Amino acid sequence: MSRRSGILEFAVLGLLRESPMHGYELRKRLNTSLGIFRAFSYGTLYPCLKTLVASGWLIEEPAGDPADTAPVTGRPTAASSSLTGRRAKIVYRLTAEGKEHFEELLSHTGPDAWEDEHFAARFAFFGQTEREVRMRVLEGRRSRLEERLEKMRASLARTRERLDDYTLELQRHGMESVEREVRWLNELIESERSGRDQRRSSPEGSAQQDTPGETGGLPRHRENTRPDPSDDTVK
C-alpha cells in the first residue's frame with residue numbers, strides 16, 4: 001500500500017465512522033474538509049472503497065427509492081434501470097471490524113503520523129483521538145519541523161551569497177511558513193497540557209479518564225491564522 005492510498009483509506013474510515021455516506025458525499029467531504037484531498041477523482045476513491053469492502057471494513061447498502069432496487073439482492077434491476085434512467089446509489093457503512101481497525105490506526109504515533117499529508121489527515125480526526133495520542137503526534141510533528149527548520153537555516157547560510165533576490169525571498173518565505181507552524185504547534189501542545197493538568201488537579205479528575213473528543217481548550221484566538229499543514233511551502 002502506498003502512503004497516499006493509506007492516508008485516503010484512513011480518511012474514508014474516519015468520515016464513515018461519523019455517518020454512512022455514498023460516494024458523492026464522501027468525495028465532497030474529502031474535498032472540503034480535508035485540504036490534502038482538494039484534487040482527486042472518483043477513479044481514485046472507488047478503488048479505495050472496493051478495497052475496504054473486500055477487507056470487511058465497509059459494507060455496501062442500497063439507498064434511495066426502494067423501487068429502484070431488486071427486492072432480493074438489493075441491486076438495481078435491468079427493468080428498473082431502464083425505467084428510471086439512473087442507477088441506485090450505494091451507501092457505504094463502517095462495520096464493527098472497520099471501526100476497530102480505524103481506532104487502531106488512530107492510536108499510531110510513529111513517524112508517518114508527523115509527515116505533511118498524514119499529519120493533516122490525523123489532525124482532522126483529533127476529535128476522535130485520545131489526548132495522550134494527540135500529544136505524541138503534536139510533539140512528533142513539532143520535532144520534525146524543528147529539524148527541517150534547522151536544515152533550511154543552514155542551507156540558506158551556505159548559499160545566501162549565490163542566490164538572486166527572488167530565490168532568496170522564496171527561501172525566506174518557506175522558513176517563515178515552517179516557523180508559523182511551529183508556533184501554532186507550541187500553542188496546541190500548551191493547550192493540551194493545560195487541559196490535562198486542570199483535569200488532574202480537579203477533585204473529580206482522579207475518577208475520570210480522558211476520552212476522544214476532549215480538545216483541551218484550543219487556542220481560539222489563532223484559529224484564523226492557523227497554517228495549513230498540507231501547504232506546499234512547508235514540505
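Is F119 buried or exposed, going by its relative accessibility? At 0%, F119 counts as buried. Keep in mind that this is a predicted model.

**Aromatic rings**

A pair of aromatic rings is described by the distance of the centres and the angle of the planes. In this structure the count of aromatic pairs comes to seven. One of them is F119 with F123: the ring centres sit 5.9 Å apart and the planes make an angle of 40 degrees, so this pair is called tilted. Both residues belong to helix α6, and being four residues apart puts about one helical turn between F119 and F123. F123 is buried too, with a relative accessible area of 17%.

F123 also pairs with F126. Here the centres are 5.0 Å apart and the planes are at 45 degrees, so this pair is tilted as well. F126 has a relative accessible area of 8%, which makes it buried. Follow the ring pairs along and you get a cluster made of F119, F123, F126 and W184.

In soluble globular proteins, nonpolar side chains tend to be buried together. The largest nonpolar core here has 22 residues, and the members that touch the most others are V12, L16, L26, L30, L49, L58 and F125. Which elements supply at least two residues each to this core? They are α1, α2 (23-33), α3 (42-54), β3 (89-94) and α5. Helix α1 gives the most, with eight residues.

Take L26 as a guide to who meets whom. Leaving out residues up to four places away in sequence, L26 touches V12, L15, L16, M21, L45 and L49.

Which residues of α3 are buried? L45, C48, L49 and L52 are. They cover an arc of only 100 degrees around the axis, which puts them on the same side of α3. On the other side of α3, G43 and A54 are exposed. Just after the helix comes G56, which takes a positive phi of about 85 degrees.

**A glycine in α2**

G23 has its place in helix α2. At 3% relative accessibility, G23 counts as buried. Neighbours within four places in sequence aside, G23 is in contact with Y42, L45, Y46, I90 and Y92. Take Y42 from that list: G23 and Y42 are 19 residues apart along the chain, and their C-alpha atoms are separated by 8.0 Å.

**Salt bridges**

Side chains of opposite charge can pair when their charged atoms come close. How many salt bridges does the structure hold? There are 14. The table lists some of them.

| Salt bridge | N to O distance |
|---|---|
| R17 and E103 | 2.9 Å |
| R144 and E115 | 2.1 Å |
| E169 and R172 | 3.9 Å |

Start with R17 and E103, whose closest N and O atoms are 2.9 Å apart.

Next come R144 and E115, whose side chains meet at 2.1 Å, N to O. This pair also links distant parts of the chain: R144 is in helix α7 (residues 131-159), E115 is in the loop between α5 and α6 (116-124), and they are 29 residues apart.

E169 and R172 meet at 3.9 Å, N to O. Both sit in helix α8 (residues 165-201), three residues apart, so about one helical turn separates them. E169 has a relative accessible area of 45% and is partly exposed; R172, at 35% relative accessibility, counts as partly exposed as well. Finally, salt bridges that share partners join D116, R141, R148 and E181 into one network.

Methods:
Residues numbered from 1 in each chain as written. Predicted model: local features only at pLDDT ≥ 70, side-chain atom pairs only at ≥ 80, totals over all residues. Heavy atoms only, no water. Salt bridge = Lys/Arg side-chain N within 4 Å of Asp/Glu carboxyl O. Buried < 20%, exposed > 50% of the residue type's maximum accessible area, 1.4 Å probe, protein only. Core = buried A, V, L, I, M, F, W, Y, C linked by side-chain atoms within 4.5 Å. Contact = heavy atoms within 4.5 Å. Phe/Tyr/Trp six-rings, centres within 6.5 Å; stacked < 30°, edge-to-face > 60°. Arc of directions from axis to C-beta.
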